[in-house]
Amino acid sequence: MNWTWFHRLGSPPSFYRFAERLAPWLGVAALLLLAYAWYGGLVLAPADYQQKDAFRVIYVHVPAAAVSLSLYVLMAVAGAVALIWRMKLAECVMIASAPVGASFTALALLTGMLWGKPMWGAYWVWDARLTSELVLLFLYLGVIGLHAAFEDARAAARACALLAIVGLVNVPIVHFSVEWWNSLHQGSTILKFGKPAISADMARPLYAGLLGTYLLCAYAILRRTQNELLLRERGTRWVREQLAAAAGNRDGGAHVS
Amino acid sequence: MSAFVAIFARELKLAARARAEWLMPPLFFVIVVTLFGFGARPNDPQLAAFAPAVLWVGALLAALLSLERLYRADQEDGTLEQLLVSGTSLSFAVFVKSLAHWLLSGLPIVLLAAPLAAMLGLPAAALGPLVLGLALGTPCLSFIGGFVAALTVGLPRGGALLPVLVLPLIVPVIIFGAGAVRAAQQGLDAGAPLYFLAAILTLTLTVLPWLAAAALRNAFE
């Protein structure tokens, strides 16, 4: 099998065009899946025998929490790639995933608080899962803040990569916190081996929501990476051609030169 | 070995000549802790319950004070560049500098903690885990803080950024450090959190000097 297409993806112009073609599909798929997940979760799924309708927070909370961890791993792995192979594209992917991850971490925390009030009687409890997720948010914000403090984009990316890699220690702590410590937070219900602890008509919208949220993140990161690439390579010919083509399209091709 | 002695002696000599800089963190620690005493009702028995958190947060904040200077002064006068081209392993130099930082700002805090804990009304049984925990935890602060100081060394606004980056990374240290004191306060065995602290210390001692050296090289590219 010929693998040159894979190498070519590492160069900014090819990646830009690749993302340009892929992103709309991801966006539409994410929209459809999320529409089904939310309709299915908020309307079609039966109410929980114990938590009644309050359990429906799960359709936003669980995908957001899952994505918050995955994106941190993505950010650290992209950072490691950027440090080891000095790939400009990996630096852009790393920087692009930080704000997306931070938003979903904040969303997971907020929905978790709203879910905690009716179930536990408190918006916030200081246990391992909640605290480590909060630290995750601080780590994301630290990476964003550090990146903003540098003037040179490449030095900024490498410094952020180092910080992201150190913060990676926190990811297994968040993931296993409900098993390692006695926590008020419930354990995993859907990712158990064997029979899941959730009935199928509740689970289906949840799986769709998970997949849809991942696709939405992929869409957002691709678009942010494209922007970052345009910004960094603004002096190069391919960016000028790209922008000229975009301007030409907008004016109905009136003055393509 | 000669590099170790040279770098270590240099740090101590610099500290001896700028005494105010190294006297500030312990003094800051004493003031922060006593401020809690002033803020509470006189002789409030509740104060002992909060003593572990107060002492540990005070120690962390005091360690933050001197971190920014760790590489900044060396970068300004060119010492850091000399280290980079000297042929000595940069991670080793980072290790020695962080060790000296602990000796000058961490150790005084460990020694001051016991009398301050007595002032807050901490029971005698909890003093051992407190001092032992600080002895294990303050080097973690010097090494984690040293890594972040290396990340932010060339930045104009590094001073404001440093605490924001350090504090999330030292959350485990404060959880297990204060946890050990609380366990002893309640008559439980403080062993488990202290072993956790020792594990964190081992990890920071072995991994962070390399990452800090990479961060310093990045600042000079």
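**View 1. Chain A is built from 9 helices and 0 strands.** Helices here are DSSP runs of H or I with at least four residues, strands are E runs of at least two, and both are numbered from the N terminus. This is a predicted model, in which local features need pLDDT of at least 70 and side-chain atom pairs count only at pLDDT 80 or more, while totals for chains, interfaces and linings use all residues. Residues are numbered from 1 along each chain as its sequence is written, and chains are lettered from A and ligands numbered from 1 in the order in which they are written. Reading along the sequence of chain A gives the pattern α-α-α-α-α-α-α-α-α. Taken along the principal axes, the C-alpha atoms of chain A fill a box of roughly 65 × 40 × 40 Å. Of the 257 residues in chain A, 38% are buried; a residue is buried if 20 or more other C-beta atoms, placed from the backbone, lie within 10 Å of its own, exposed if 12 or fewer, and partly exposed in between. Among the contacts in chain A with a separation of 6 or more, 76% join residues 24 or more positions apart. Two residues are in contact if their C-beta atoms, placed from the backbone, lie within 7 Å.

**View 2. Helix 5 (residues 128-149) of chain A packs with helix 6 (residues 153-167) of chain A.** The angle between helix 5 and helix 6 of chain A is about 165°, and their axes are 9 Å apart. Axes are lines fitted to C-alpha atoms, for helices over the stretch in contact, and angles run from 0 to 180 degrees between N-to-C directions. Helix 5 and helix 6 of chain A are therefore roughly antiparallel to each other; angles under 35 degrees count as roughly parallel, over 145 as roughly antiparallel, 65 to 115 as roughly perpendicular and the rest as oblique. On helix 5 of chain A, look for L139(A), G142(A), V143(A), L146(A) and H147(A). Their partners on helix 6 of chain A are A156(A), A159(A), C160(A), L163(A), A164(A) and G167(A). By class, this contact of helix 5 with helix 6 of chain A has 8 nonpolar, 3 polar and no charged residues. Ala, Val, Leu, Ile, Met, Phe, Trp, Tyr, Cys and Pro count as nonpolar, Asp, Glu, Lys and Arg as charged, and the others, Gly among them, as polar.

**View 3. C160(A) sits in helix 6 of chain A.** C160(A) counts as buried because it has 27 C-beta neighbours inside 10 Å. Leaving out residues up to four places away in sequence, C160(A) touches G79(A), M94(A), I95(A), V143(A), L146(A) and H147(A). For a sense of scale, C160(A) and S68(A) lie 92 residues apart in sequence and 17 Å apart in space, C-alpha to C-alpha.

**View 4. M94(A) belongs to the largest nonpolar core, which has 143 residues.** Such a core is a set of buried Ala, Val, Leu, Ile, Met, Phe, Trp, Tyr and Cys residues joined through C-beta atoms within 7 Å. M94(A), F147(B) and A215(B) touch the most other members. Helix 3 (residues 58-85) of chain A gives the largest share of this core, 16 residues. Apart from neighbours within four places in sequence, M94(A) is in contact with M75(A), A78(A), G79(A), A82(A), A157(A), C160(A), A161(A) and A164(A).

**View 5. Helix 6 of chain A packs with helix 10 (residues 191-219) of chain B.** Here the angle is about 170°, with the axes 10 Å apart. Helix 6 of chain A and helix 10 of chain B are therefore roughly antiparallel to each other. From helix 6 of chain A come A155(A), R158(A), A159(A), L162(A) and V166(A), which meet L211(B), A214(B), A215(B) and N218(B) in helix 10 of chain B. This contact of helix 6 of chain A with helix 10 of chain B has 7 nonpolar, 1 polar and 1 charged residues.

**View 6. R86(A) lies in the loop between helix 3 and helix 4 (88-120) of chain A.** Phi of R86(A) is near 55°, a positive value in a residue other than glycine. Most residues other than glycine have a negative phi. R86(A) counts as exposed because it has 12 C-beta neighbours inside 10 Å.
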